[in-house]
Amino acid sequence: MLIVLGGCGGHARNVLVPVADSEQKSTKVNMLVTTTRSRSVVQGEMFTGERARDAAFADITVSIPPSDARKVGEVAWPKKLPSNPATDFATLKAEEINREGAQKWLNASLKKSGDGSVLVFIHGFNNRFEDSVYRFAQIVQDSGVHSAPVLVTWPSRGSLLAYGYDRESTNYSRNALEMLFQHLAKEQNVKEVSILAHSMGNWLALEALRQMAIRNGRLPAKFQNVMLASPDVDVDVFRQQIADMGEHHPNFTLFVSRDDRALAVSRRVWGDVARLGAIDPEQAPFKQELADSQITVIDLTKVKAGDKLNHGKFAESPEVVRLIGARISDGQTLTDSKVGLGDTLLAATTSTAAAAGSVAGLILAAPVAVIDADTRDNYAGHVSSLTGSADTKGRPSKCVAGHNGQRTCARQ
C-alpha cells in the first residue's frame with residue numbers, strides 16, 4: 001500500500017527540469033534564489049530539505065501559463081512531466097550560480113526594475129524547494145510588482161511532522177539571511193528593499209532584521225517595507241524583536257486571520273501563547289501596541305481562499321495578492337497549501353508538532369490518502385518521519401567536487 005501511495009501524488013514532483021519555451025502567450029518570472037539547503041542528486045529537485053554548510057545561489061526562470069488557463073492566486077502544477085507551458089507552470093531555466101553570478105544577476109535585474117527596488121520572499125513551514133520557487137513566481141506574477149525578485153529558501157523537509165526540524169532550520173539560516181540583508185544595504189544600485197515573509201519564515205526574517213539592527217545600530221532607510229503574512233511568532237517575542245530594532249524600523253504590514261488553523265495548533269505547541277498571525281487586532285493590548293509601533297494591520301479573517309487551513313490567504317486570494325503588489329508599488333501555498341484531509345487527521349492525533357510521529361494518525365490517514373491527492377503527496381514523508389526507514393531524510397549529505405568545480409551531494 002505504501003508503494004502505491006508513494007507513486008500516486010496529485011501533481012508531478014521534481015519539476016525543475018527546464019523545458020522549451022513553447023507558449024507565446026505565457027509570461028516569464030526570472031528570480032535569484034539564495035538557499036541554505038543541501039544540493040540534490042535527483043534530477044529536477046536541485047536542493048533537498050537538509051542543511052548545507054554554506055549558502056548557494058541559483059538563477060531560475062518560471063513560465064506562467066496564459067490567464068485563461070489558471071485563476072489568480074493559483075499555482076498551476078503540472079500533472080505530468082514534462083510540463084506544458086500552455087497550461088502549467090513550467091521551468092525554463094534552473095542553473096546554480098556562484099556569488100559573482102548572483103551579483104551580475106542582481107545588477108541586470110535592478111536595471112530592468114527601473115527604480116532599483118528588490119523584493120525578498122521568505123517561505124514558511126512545510127515547503128519543498130520547488131514549492132517555494134513556484135509559489136514565489138505566482139506571487140510576483142499576480143501582484144504585478146516590477147522589483148528584482150529574490151527568493152530566500154531555507155531547509156524545510158516539506159513534511160507536516162518535521163515542524164521541529166523546520167523551526168531549527170530557520171535558526172540555522174539567520175546568519176545567512178543577515179548577510180544577504182547587509183549586502184543589499186551596502187549595494188549602491190539597490191535603492192529600496194521590500195520583504196515578504198510567510199508563516200515560520202517570519203521568525204527567520206524578524207531575527208535577521210533584529211541581528212542587523214543590533215550589529216549596525218539601526219536598520220537602513222532603504223529597508224522600507226516588511227510584510228508579515230500569517231506569522232508563526234510568539235507575540236511576546238515579537239514585542240522584544242521590534243524593540244530591539246529601534247525606533248526607526250521599516251513600515252510593517254501585518255496580515256492576520258483569526259481562523260488560521262495552523263497557527264491554532266502552533267499556539268498549543270508553544271505554551272498557549274498567542275501567535276502573532278492569529279491575534280484579534282481590535283482587542284487589548286494588541287490594538288494600542290500595534291498603533292504605538294506604527295504597524296499596519298490587515299485582517300483577513302473574512303477572506304475566503306482555497307487554503308484548507310486558512311494559512312495561505314495572502315497568496316491565494318486575488319484581492320490580497322494585488323494588495324501586496326500595491327503596497328510595494330506605493331513605496332513601500334507562504335505555504336503551498338499541500339495539506340490534505342489526511343494530514344489534518346494526522347495533526348489532530350499528534351500531541352505536539354515536534355513529535356516524531358503518530359501511528360494512530362498514519363492509520364487514519366492511509367484510507368483517506370486513497371481519495372485525497374494532497375494526502376497522497378505527503379504520506380510517504382510522514383511514514384519516513386515516523387520510521388526513519390522509508391526515506392533518507394535526516395541523513396547527512398556527502399559532497400564531492402566534480403571536474404567543473406560544482407559539488408555533487410548525496411545522502412549517506
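The chain exposes about 17,700 Å², of which carbon and sulfur atoms supply 52% (Shrake-Rupley method, 1.4 Å probe). The model is predicted, with local features requiring pLDDT of at least 70 and side-chain atom pairs counted only at pLDDT 80 or more, whereas totals for chains, interfaces and linings use all residues. Residues are numbered from 1 along each chain as its sequence is written, and side-chain values use heavy atoms, without hydrogens or water. Buried residues (under 20% relative accessible area) account for 56% of the 412 residues in the chain. The secondary structure comprises 14 helices and eleven strands, taken as DSSP runs (H or I, at least four residues, for helices; E, at least two, for strands).

Helix α5 (residues 174-186) packs against helix α6 (residues 201-216) at an angle of about 60°, the axes being 9 Å apart. The crossing of α5 past α6 is right-handed. Contacts (heavy atoms within 4.5 Å) involve Leu177, Phe181 and Ala185 among the residues of α5, and Leu204, Leu209 and Met212 among those of α6. By class, eight nonpolar, four polar and four charged residues form the contact of α5 with α6.

Val118 lies in strand β4 (residues 117-122) and counts as buried because its relative accessibility is 0%. Beyond its neighbours within four places in sequence, Val118 contacts residues including Leu106, Leu110, Val150, Leu184 and Glu192. The C-alpha atoms of Val118 and Glu192 are separated by 6.3 Å, although these residues stand 74 residues apart along the chain.

Technical notes
Axes fitted to C-alpha atoms, helices over the stretch in contact; angles between N-to-C directions. Left-handed = near helix turned anticlockwise from the far one by under 90°. Nonpolar A, V, L, I, M, F, W, Y, C, P; charged D, E, K, R; others polar. Buried < 20%, exposed > 50% of the residue type's maximum accessible area, 1.4 Å probe, protein only.
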